[in-house]
Amino acid sequence: MFEYRPDGLPPGRPVVVALHGCTQNATGYGQGSGWVRLADQGAFTLVLPQQTSANNFSQCFNWFQSSDVTRGQGEVESIAQMVRWAIADSGADASRVYVTGLSAGGAMTAALLATYPDLFAGGGIVAGIPYGCATTALQAYGCMYPGQDLTPAQWAAKVFAASSYQGPWPSVSIWQGTADYTVAPANERELAEQWTAVHGLSTTPSATDTVAGYPHAVYRDSSGRIAVETYAITGMGHGQPIDPGTAAGQCGQAGAYLLDVNLCAAWRLGMLWGFLPAS
């Protein structure tokens, strides 16, 4: 566990957990995705779990292993313990804890939202996989590409079975490149079906628009809150959307799996979660 806490951070601020992808590490992802700089701007504590090669040779979080994505054990419990520690360490607002990640980190984000919905107010899944898609490494490859097609109710049942929680459920923001040949774009649809069903919402969006030219859909609950949203980054491969620069709305450093598409996913998540202004 790495923690970044801005100097002079007052108590009662949010916590963001950011999960790197395969072959990445906590520091590189925290800096490259823009989350470290945004922690200063948005005044929140940043928790950066890091996978070890002893747990996974490619340093992927084990989102496909049942022993690691079951509440109370394995990697999800380890990350939950990191969150509890960070809340106590920084005096953070326990009702404003969020989790996001890329690829295997995105799939683990879905697992954390399913297994610890009482701990997280929202999540951002970037190039991720629906919770419960795989329980073995062999199954994981089919989930990644071409993806698994289940009904919304079938997907939701996997989340409901992951804990005894009854709601309210975390909000979920889903990001996917349309030219991703590592994690099939179909996973964005399946994730949207899983989480709209969990929220009891229609799979038809409440509204659609474009952000930086990319299709964006929102699914609002009865209170008008965005419960689920999707971003389809046209032409983007496998990676985290960034927009390097220092202007409002910009973030990130381009590199492997850190893709400059003129849209900063981390900033948009911070907007959704209420601690960064509209760019």
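This report describes the nonpolar cores, the salt bridges, the aromatic pairs and a few backbone features of one predicted model.

Residues are numbered from 1 along each chain as its sequence is written, and side-chain values use heavy atoms, with hydrogens and water left out. Since the model is predicted, local features need a pLDDT of at least 70 and side-chain atom pairs count only at pLDDT 80 or more, while totals for chains, interfaces and linings use all residues.

## Nonpolar cores

A nonpolar core is a set of buried Ala, Val, Leu, Ile, Met, Phe, Trp, Tyr and Cys residues joined through side-chain atoms within 4.5 Å. Here buried means under 20% relative accessible area, exposed means over 50%, and partly exposed lies in between, with a 1.4 Å probe and protein chains only. The largest such core has 41 residues, and those with the most contacts inside it are V17, L19, M108, L112, F120, Y131 and W195. Its largest share, seven residues, comes from helix α3, residues 74–90; helices (H or I, at least four residues) and strands (E, at least two) are DSSP runs, numbered from the N terminus. A second, separate core holds 34 residues, including A18, F44, L48 and L102.

What does W195 touch, not counting residues up to four places away in sequence? With contact taken as heavy atoms within 4.5 Å, W195 touches A110, L113, A114, I125, V159, V172 and V228. T196 lies in helix α7, residues 186–198, and is buried, with a relative accessible area of 1%. Leaving aside residues up to four places away in sequence, T196 touches L201, S202, T203, Y219 and V228.

## Salt bridges

A salt bridge is a side-chain nitrogen of Lys or Arg within 4 Å of a carboxyl oxygen of Asp or Glu, and by this rule the count comes to five. The table lists some of them.

| Salt bridge | N to O distance |
|---|---|
| R71 and D118 | 3.0 Å |
| R189 and E190 | 2.8 Å |
| D221 and R225 | 3.2 Å |

R71 and D118 meet through their side chains in a salt bridge. R71 lies in the loop between β3 (45–48) and α3, and D118 in the loop between α4 (104–115) and β5 (122–126), so this pair ties together parts that are 47 residues apart in sequence. R71 counts as partly exposed at 35% relative accessibility, and D118 counts as partly exposed at 44%.

R225, the partner of D221, counts as partly exposed at 33% relative accessibility.

## Aromatic pairs and a helix crossing

A pair of aromatic rings is described by the distance of the centres and the angle of the planes. Rings of Phe, Tyr and Trp (its six-membered ring) pair if their centres lie within 6.5 Å; planes under 30 degrees apart count as stacked, over 60 as edge-to-face and the rest as tilted. A search of the whole structure finds 11 aromatic pairs. The rings of Y98 and W273 have centres 4.6 Å apart and planes at 15°, so this pair is stacked. Y98 in strand β4 (residues 97–102) and W273 in helix α8 (residues 265–273) are 175 residues apart, and their pair links distant parts of the chain. Y98 counts as buried at 7% relative accessibility, and W273 counts as buried at 5%.

W175 and Y231 also form a stacked pair, with 3.8 Å from centre to centre and 10° between the planes. W175 belongs to strand β6 (residues 171–177) and Y231 to strand β9 (residues 226–233), 56 residues apart, and both W175 and Y231 are buried. Elsewhere, ring pairs link W35, F44, Y98, W273 and F275 into a cluster.

W35, L38 and Q41 in α2 meet A266, W267, L269, G270 and W273 in α8.

## Backbone features

The peptide bond from Y145 to P146 is cis, with omega near 15°, and P146 is found in the loop between α5 (137–144) and α6 (152–160). Another cis peptide bond joins G167 and P168, with omega about 5°, and P168 has its place in the loop between α6 and β6.

A43, in the loop between α2 and β3, has a phi near 55°, a positive value in a residue other than glycine, and counts as partly exposed at 23% relative accessibility. A212 lies in the loop between β7 (207–211) and β8 (214–220), and its phi is near 55°, again a positive value in a residue other than glycine.
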